[in-house]
Amino acid sequence: MSDVFVKDKRSAIMRSVRSSQNASTELKLISVFKEYAIKGWRRNYKLCGNPDFVFENGKSVIFTDGCFWHGHKCRNVTPKDNSDYWTAKIMRNKKRDKESSKILKEKGWQVIRIWECELKMKNKTKLLKKLLPVIQYNQSREH
Ligand SMILES: [Zn+2]
């Protein structure tokens, strides 16, 4: 099977998919934070694996993972073309996710990983369950 995209073009597409996907999931999560008055998070905080949100005082980090790039089994999104290429890429991401979670946990951080699909309305209960540690941290700050 021949390569559909020239290499450069493919990387450009990958970059744009990754950044737009990530931006929208992060924004959705921020709106959930607002809705539930979850405060105390920081972005661009330098930590292993570059978590999307860091609650420094609550010792918690949140990653928002795109279902495609991080290999969630919620839907079959691997394209037929170049499937070996994508599979290898996704496997590398999964491996890296696992490693950074492990390192952070060893350093005493609570690691929360939110899947892109969990930000859908119908999955809200699941999402809030995952966010419980930061919700509780916020409640304890108020007293
Ligand atoms: Zn998913």
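## Contacts around Cys48

Two residues are in contact here if their C-beta atoms, placed from the backbone, lie within 7 Å. With that in hand, let's start at Cys48: leaving aside residues up to four places away in sequence, Cys48 touches Ser100, Ile103 and Leu104. Please keep in mind that this is a predicted model.

Another residue to look at from here is Lys102: Cys48 and Lys102 are 54 residues apart along the chain, and 10.0 Å separates their C-alpha atoms. Is Cys48 buried, partly exposed or exposed? Cys48 counts as partly exposed because there are 15 C-beta neighbours inside 10 Å, and a residue needs 20 or more to be buried.

## The chain as a whole

Stepping back, you will find 3 helices and 3 strands in the chain. Read from the N terminus on, the elements follow the order α-β-β-α-β-α.

The chain has 143 residues, and 18% of them count as buried. Among contacts with a separation of 6 or more, 60% come from residues 24 or more positions apart.

The 3 strands make an open sheet with mixed pairing, in the order β1-β2-β3. Its edge strands are β1 (53-55) and β3 (110-115), each of which pairs on one side only. From one strand to the next, the twist averages 15°.

Strand β2 (residues 60-65) and β3 run parallel and are joined by 6 bridges.

## Helix α2

Now for helix α2 (residues 83-106).

Does α2 lie largely buried or in the open? Of its 24 residues, the number buried is 1, so α2 lies largely in the open. After α2 comes Gly108, which has a positive phi, near 90°.

Methods: Residues numbered from 1 in each chain as written. Predicted model: local features only at pLDDT ≥ 70, side-chain atom pairs only at ≥ 80, totals over all residues. Pairing = 2+ DSSP bridges. Helix = DSSP H or I, 4+ residues; strand = E, 2+ residues; numbered from the N terminus. Axes fitted to C-alpha atoms, helices over the stretch in contact; angles between N-to-C directions. Buried ≥ 20, exposed ≤ 12 C-beta atoms within 10 Å, placed from the backbone. Expected span 1.5 Å × (residues − 1).
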